[in-house]
Amino acid sequence: LQIAEKARIEEKLVGIYLGLARVYRNLGEFPISRNYADKSLKLARENGEWRALAETYQTIATGYFQEGSYQKALEYFEQAVIIIGERRAPFL
């Protein structure tokens, strides 16, 4: 993370932030998870990475679902579905 941030390697940072969001979500640290997911979303939007956007929305949605915030989870799941559209996305 430090190397990628220092070198401003955005294509790597998106994946790193997303990975950290998943780890913290699995640890039950939902606010920290969302913080990293927000960073991933920002960079994915800037770079036009639809897969990373969809995957990040899905990660956020899963966190909200695990917290019991079902309405918020549904909103984020729907965003992922909209982004995927007619594309193939077997990873989700």
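1. Ground rules. Residues are numbered from 1 along each chain as its sequence is written, and side-chain values use heavy atoms, with hydrogens and water left out. Since we're looking at a prediction, local features need pLDDT of at least 70 and side-chain atom pairs count only at pLDDT 80 or more, while totals for chains, interfaces and linings use all residues.

2. Overall fold. The chain has five helices and zero strands (DSSP runs numbered from the N terminus: H or I of at least four residues for helices, E of at least two for strands). Its radius of gyration is 13 Å, close to the 12 Å from the globule rule for 92 residues, so the chain is as compact as a globular protein of that length (taken over C-alpha atoms; the rule is 2.2 Å times the number of residues to the power 0.38).

3. Burial. Of the 92 residues, 36% count as buried (under 20% relative accessible area, with exposed over 50% and partly exposed in between; 1.4 Å probe, protein chains only).

4. Helix 5, inside. Which residues of helix 5 are buried? They are Ala73, Ala80, Ile83 and Ile84.

5. Helix 5, outside. Gln71, Val81 and Ile82 are exposed on the face turned away from the buried side.
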